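Let's walk through this one together, a question at a time. Have a look at the sequence and the fold first.

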Amino acid sequence: MTVTVDNASANDSGVSYLRKQMNSLKTSIAQGKYLHMRCAAHIVNLIVQECLKEVLESIKRVRAAVRFVKNGTSRLVKFKECAILEKVDTKAFLSLDVCTRWNSTYDTLKAACAYEKVFARYADGDPYFTIELISDKGPGVPDEQDWENARKMAEFLGHFAEITKRVSASLSATSHTYFHEIGEVNILVNNWLNSSDPIQATMGKRMKDKFDKYWGQWHDIVENESEKAKGKEKDKENINLLIFVAVVLDPRYKLSQYTEFAIHQIYGQSTGEKVWAAVNKGLHGLFEEYRATFAPSDGTPQSTESESPQSKQVGGSDRMMKSMYAKRMKLNSGSSSSYNRGSRTELEKYLAEECEDDIKNFDILAWWKGQSSRFPILSRLARDVLAIPISTVASESAFSTCGRIMDDFRTSLTPFMVEALVCTQDWLKRATPTNIAENTEELTYLEEELIKEFKDKAIIENKASKAQVEGSKATTSTKSKATTTTKSKSSKTCKSKVSNSKPT
């Protein structure tokens with residue numbers, strides 16, 4: 001149904017070629033209009049990079065300060081002493097970021113801002129700190145404005161870091177959350193765009209332009225989406241409609257007022273109406289295509305030579321008519337037709353029902369599995385749409401795993417050992433953490449059992465040691481008595497010998 005890729009131009013060409021091949025083989029859905037799904041994490045990355053350009057100098061100064069402290073053991077010791085004097089109450093310590101990864105920059109800024117006063121105290125005690133940072137190669141010592149920009153960026157990037165974690169999840173369905181994440185980014189960008197701070201407003205303008213390029217614009221006249229856009233027409237590509245279809249297939253939202261409200265907030269009132277109409281049209285079109293593909297064949301029962309004579313009677317004819325009617329009903333799945341005007345399609349029934357409660361741990365896959373008997377065709381559509389990955393982070397991480405395992409020091413590993421290491425790493429990451437809050441009673445019981453067990457064991461060991469001591473004492477006394485008896489016997493023997501040896 002879709003191929004999720006990043007924004008490289010080579011991927012656009014590859015998706016276009018794949019679409020043509022699938023259309024020629026008649027294996028595509030909706031003529032491949034929804035085949036190209038852009039990676040949400042990469043778009044978020046592009047938006048954040050536009051934001052960082054405006055305060056790049058402040059970030060460079062904070063980064064240089066962190067690098068100076070972490071470049072020597074003695075510096076780290078002295079810095080920690082300054083942190084103790086400043087009474088910094090944080091468990092996180094300084095971390096140096098990777099310039100090309102904004103999420104690591106967020107971690108650096110967040111940790112460094114907590115040690116702002118410590119850096120000031122450290123600069124007073126180490127003159128080389130200022131000398132190195134203000135040198136020709138240094139960006140300068142971070143001042144109050146730099147720290148203020150760093151705090152604002154750390155707070156702002158924290159929201160995008162959480163969004164990136166959610167869209168990059170690989171152990172649960174994410175396609176139905178894509179629409180909500182777009183709405184979150186839209187609110188964050190608009191808040192900075194309308195800020196009274198000129199720096200924030202400028203950064204908001206940069207991010208808004210990038211947001212509109214991929215998510216925030218809707219073009220009335222778009223060239224055939226089944227073919228690759230060329231030149232400036234590529235910038236007129238609309239957002240993939242399956243993003244909206246996925247949220248409609250979430251039984252908590254459907255085509256509700258919330259969904260319509262969110263679309264209007266992202267695109268505006270006038271453009272939002274056009275997007276809303278396109279979503280309805282695309283949803284019904286997909287459902288009709290699935291209905292034509294997966295509904296039972298339109299076959300009328302025909303009499304055969306093996307039919308019983310009773311089937312030709314009036315009663316038998318009546319049963320045949322009912323059978324034909326039942327098959328027709330199943331075929332159309334309740335669709336309105338010339339002979340069945342009062343019925344509705346599965347999609348109409350689904351949308352007409354009340355939305356499910358928006359609970360925290362709602363399992364959408366389990367819900368559709370339970371409703372597959374009521375909505376056999378719609379559940380197939382939901383299964384395919386909810387399986388769409390909205391990010392390429394998981395797949396890229398899987399391909400880069402080999403580089404982390406097969407390094408320069410482990411190039412002689414056998415294929416079996418490499419497979420074992422990769423699988424073990426995956427199993428460790430998938431391990432379900434224990435929720436202590438939910439198992440308090442069980443932990444208390446286990447603790448009592450352990451205390452009782454070790455207490456009984458200690459009592460037994462104590463008794464055994466006492467018995468051993470008493471046994472050793474008894475053995476010692478017995479040996480001493482035996483020795484005394486032996487000595488007395490030997491003395492008596494000697495006396496008798498002496499007496500016998502006297503002359504008569």
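Q: Are H5 and H8 oblique or roughly parallel to each other?
A: Some ground rules first: this is a predicted model, where local features need pLDDT of at least 70, side-chain atom pairs count only at pLDDT 80 or more, and totals for chains, interfaces and linings use all residues. Residues are numbered from 1 along each chain as its sequence is written, and side-chain values use heavy atoms, leaving out hydrogens and water. Helix H5 (residues 102-113) and helix H8 (residues 144-167) pack at about 135 degrees with axes 8 Å apart (axes are lines fitted to C-alpha atoms over the stretch in contact, and angles run from 0 to 180 degrees between N-to-C directions; helices are DSSP runs of H or I, at least four residues, numbered from the N terminus). Under 35 degrees is roughly parallel, over 145 roughly antiparallel, 65 to 115 roughly perpendicular and the rest oblique, so H5 and H8 are oblique.

Q: At what angle do the axes of H12 and H13 cross?
A: Here we look at helix H12 (residues 257-267) and helix H13 (residues 269-294). Their axes come within 7 Å. H12 and H13 are therefore oblique to each other, and the crossing angle is roughly 130 degrees.

Q: How many salt bridges does a search of the whole structure find?
A: Side chains of opposite charge can pair when their charged atoms come close. A salt bridge here is a side-chain nitrogen of Lys or Arg within 4 Å of a carboxyl oxygen of Asp or Glu. With that rule, the search of the whole structure finds 16.

Q: Which residue meets Asp-146 in a salt bridge, and how far apart in the chain are the two?
A: The side chains come together at 2.9 Å, N to O. Asp-146 sits in helix H8 and its partner in helix H3 (residues 56-70), so the pair links distant parts of the chain, 85 residues apart. The partner is Arg-61.

Q: Is Asp-197 buried or exposed?
A: Asp-197 meets Lys-152 in a salt bridge at 2.4 Å, N to O. Buried means under 20% relative accessible area, exposed over 50%, and partly exposed in between (1.4 Å probe, protein chains only). Lys-152, at 23%, is partly exposed. Asp-197 has a relative accessible area of 18%, so Asp-197 is buried.
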